[in-house]
Amino acid sequence: MGKKGYSLKNRLYMLLLVSLLPLTILITYLLVMTNNVSAQYDEIVEKITKANAYNINFKDDLDYSMYIIVVNAERANEIIDTNKPMQMIDEARKVFGTLSKEADTEAARTRLSGIIKSLDTLRDRVTEIEESALVSGSYEVNLERLDLDIRVLTELIQEEIQYYIYEQTRNMETLREGIRNNVERAISITSVLLIVILIGSLTISHKIVEGITSPIRHLCHAAERAGRGDFEIRTHEERIDEIAVLSASFNRMVEEIGKLVEDIRVEELNLRAAELRLLQEQINPHFLYNTLDNIIWLAESNETAQVVNMVSALSDFFRTTLSKGKDYISVRDEEAHINSYLQIQQFRYRDILTYEIDMDEEVYDCEILKLTLQPLVENALYHGIKGKRGLGQIRITGCIRDGLLEFQVQDNGIGMKEERLREVRRIITGEMEHTKEKGGFGLFNVNERIRLNYGRKYGLRIDSTYGQGTCIWVTVPAVKK
């Protein structure tokens with residue numbers, strides 16, 4: 001009996017070693033992988049944050065400072081810090097120079113190199129204007145150079161920054177794909193290790209006395225279920241012996257693997273949600289700049305009523321865009337949002353744009369994911385109405401049918417040819433990658449947000465006839481507020 005006990009102890013210790021060593025390697029691999037993913041994600045977010053800081057304020061601040069220097073050179077020091085333009089350029093160059101050194105792709109490095117070159121050129125132009133600002137008779141020349149050199153360059157720099165932010169955002173998608181591949185690889189490795197442990201257990205148990213065969217079979221059965229992905233399985237051994245020690249170790253192993261797999265799955269979902277939220281919360285600066293320019297023009301023309309209307313519409317637009325951080329708003333608020341947007345755009349495009357919003361009364365009691373319809377209206381304006389000669393119309397309708405909210409955004413713009421329509425449909429569903437040249441990024445983003453929040457069976461449908469117009473359907477569940 002003593003000999004048998006000693007042999008069983010040694011064999012079970014060997015089985016425990018075979019089980020724990022691969023598990024330790026697996027856990028280490030998963031921890032390193034999780035840490036690397038977190039570091040890569042933090043690095044991308046940090047780069048986007050640094051670039052976005054200059055994307056928001058750089059152009060406005062520098063254009064304003066240079067404007068003051070040109071129009072009021074003698075008193076510029078009393079109004080602003082005249083050293084600020086150079087400081088802003090130097091700080092920006094330092095930031096983008098650091099980002100260029102840290103760039104991990106040739107595209108990002110090329111984009112950053114363009115930004116740095118533009119900043120160097122901008123510095124030279126600022127120096128030239130500052131030197132000639134105090135020269136009598138240079139006022140008109142400096143005003144022209146302010147428009148042609150400074151504002152054009154800051155606009156170019158801002159566009160380059162936006163492209164860089166977009167490329168960094170695409171890196172998040174690449175990172176997400178890497179996480180998914182790593183999860184699949186981790187599950188495969190786990191399954192192989194569990195099968196190895198199972199085979200070792202069966203080989204050793206065959207040589208152990210009949211009295212301990214049954215608990216070992218039970219342990220093997222548990223290992224098989226864990227190998228199929230059931231990480232809730234636990235073994236129960238009432239006897240106090242080496243088998244009990246092995247069962248406890250097995251239970252800890254399965255619990256740790258289950259936690260790690262779940263953590264990776266949650267990390268993948270969080271990363272995807274963060275990427276979409278980042279894309280959602282970016283506001284097109286050109287829309288804001290153009291609106292503010294229109295307001296300034298109206299104010300200078302003493303069009304007080306029009307200024308009030310424009311500022312009110314812009315205020316309503318951003319109030320709904322922010323919505324106190326809420327992801328879901330009422331259909332009524334979404335309608336007010338697109339109405340504010342179209343009021344602003346109609347002032348700018350009054351010669352080519354009319355619109356109509358016709359919602360059934362019952363839809364107003366429902367809630368909808370924020371910023372669902374406005375990007376579609378914007379798409380209809382820029383890709384439909386602007387490409388058509390003459391007056392165009394955008395019509396937005398909404399109703400409830402079979403427990404679903406159905407919206408239509410229809411325009412009578414230029415429309416699309418059949419080949420382009422097929423391409424856009426594939427971009428929306430993700431079958432084809434969206435690029436700057438191919439377009440479709442806004443529609444893809446709206447469709448992805450709908451599918452992520454409501455389910456894969458909901459989203460967008462699009463139809464278009466060249467020369468006649470385009471219609472986009474939105475289908476989501478009808479959820480009462």
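This is a predicted model: local features need pLDDT of at least 70, side-chain atom pairs count only at pLDDT 80 or more; totals for chains, interfaces and linings use all residues.
Within strand β5, glutamine 408 is the bridge partner of threonine 397.

Threonine 397 has a second bridge partner to consider. In β4, threonine 397 is the bridge partner of aspartate 358. The strands behind these pairs are β2 (residues 353-359) and β4 (residues 392-401), which pair in the parallel sense over 7 bridges. β4 also pairs with strand β5 (residues 404-411), here in the antiparallel sense and over 8 bridges.

β4 and β5 form a hairpin with 2 residues between the strands. Aspartate 402 takes a positive phi there, near 55 degrees. Arginine 401 has leucine 404, in β5, as its bridge partner.

What is the order of the strands in this open sheet? The 5 strands run β2-β4-β5-β7-β6, and their pairing is mixed. β2 and β6 (459-465) stand at the edges. Each has a single partner strand, so one side of each is left without a neighbour in the sheet. From one strand to the next, the twist averages 15 degrees. In general, strands of a sheet pair through backbone hydrogen bonds, either parallel or antiparallel.

Helix α10 lies across β2, β4 and β5. The helix runs at about 170 degrees to β2.

## The three-stranded sheet

Another open sheet has 3 strands, in the order β1-β3-β8. Its pairing is antiparallel. The edges are β1 (328-330) and β8 (479-480). Each of these has a single partner strand, so one side of each lacks a neighbour in the sheet.

Strand β3 (residues 366-369) is joined to β8 by 2 bridges, and the two run antiparallel. Glutamate 367 stands opposite valine 479 in β8.

Helix α10 (residues 331-348) touches β1 and β3, and its direction makes about 85 degrees with that of β1. Helix α13 (residues 441-454) also touches β1 and β3; its direction makes about 125 degrees with that of β3.

| Strands | Sense | Bridges |
|---|---|---|
| β2 and β4 | parallel | 7 bridges |
| β4 and β5 | antiparallel | 8 bridges |
| β3 and β8 | antiparallel | 2 bridges |

## The nonpolar cores

Which residues touch the most other members of the largest nonpolar core? They are Leu376, Ile394 and Leu460, out of 39 residues in that core. Helix α11 (residues 374-385) gives the largest share, 5 residues.

Leucine 460 has contacts beyond four places in sequence with residues including Leu376, Ile428, Leu443 and Val446. Asn447, Ile450, Ile472, Trp473 and Val474 are also among its contacts. Another core lies apart, with 32 residues. Among them are Met66, Ile68, Ile89 and Val126. In soluble globular proteins, nonpolar side chains tend to be buried together.

## A residue in a loop

Isoleucine 233 lies in the loop between α6 (213-227) and α7 (242-281). Is isoleucine 233 buried or exposed? Its relative accessibility is 10%, so isoleucine 233 counts as buried. Leaving out residues up to four places away in sequence, isoleucine 233 touches Ala222, Arg225, Ala226 and Val254. Histidine 221 is 12 residues from isoleucine 233 in sequence. In space the two are 9.8 Å apart, C-alpha to C-alpha.

## The chain as a whole

The secondary structure of the protein chain comes to 13 helices and 8 strands. The chain has 481 residues, and 43% of them are buried. Among contacts with a separation of 6 or more, 73% join residues 24 or more positions apart.

## Confidence

The average pLDDT of the protein chain is 76. Of the residues, 72% score at least 70. Two stretches stay under 50. One is residues 1-7, where pLDDT stays under 50 and the model has 2 contacts beyond four places in sequence. The other is residues 278-283, where pLDDT also stays under 50, but with 13 such contacts in the model.

Terms used:
Residues are numbered from 1 along each chain as its sequence is written. Side-chain values use heavy atoms; hydrogens and water are left out. Helices (H or I, at least four residues) and strands (E, at least two) are DSSP runs, numbered from the N terminus. Buried means under 20% relative accessible area, exposed over 50%, partly exposed in between (1.4 Å probe, protein chains only). Contact means heavy atoms within 4.5 Å. Two strands pair if DSSP finds at least two bridges between them. Axes are lines fitted to C-alpha atoms, for helices over the stretch in contact, and angles run from 0 to 180 degrees between N-to-C directions. pLDDT is the predictor's confidence in each residue, from 0 to 100. A nonpolar core is a set of buried Ala, Val, Leu, Ile, Met, Phe, Trp, Tyr and Cys residues joined through side-chain atoms within 4.5 Å.
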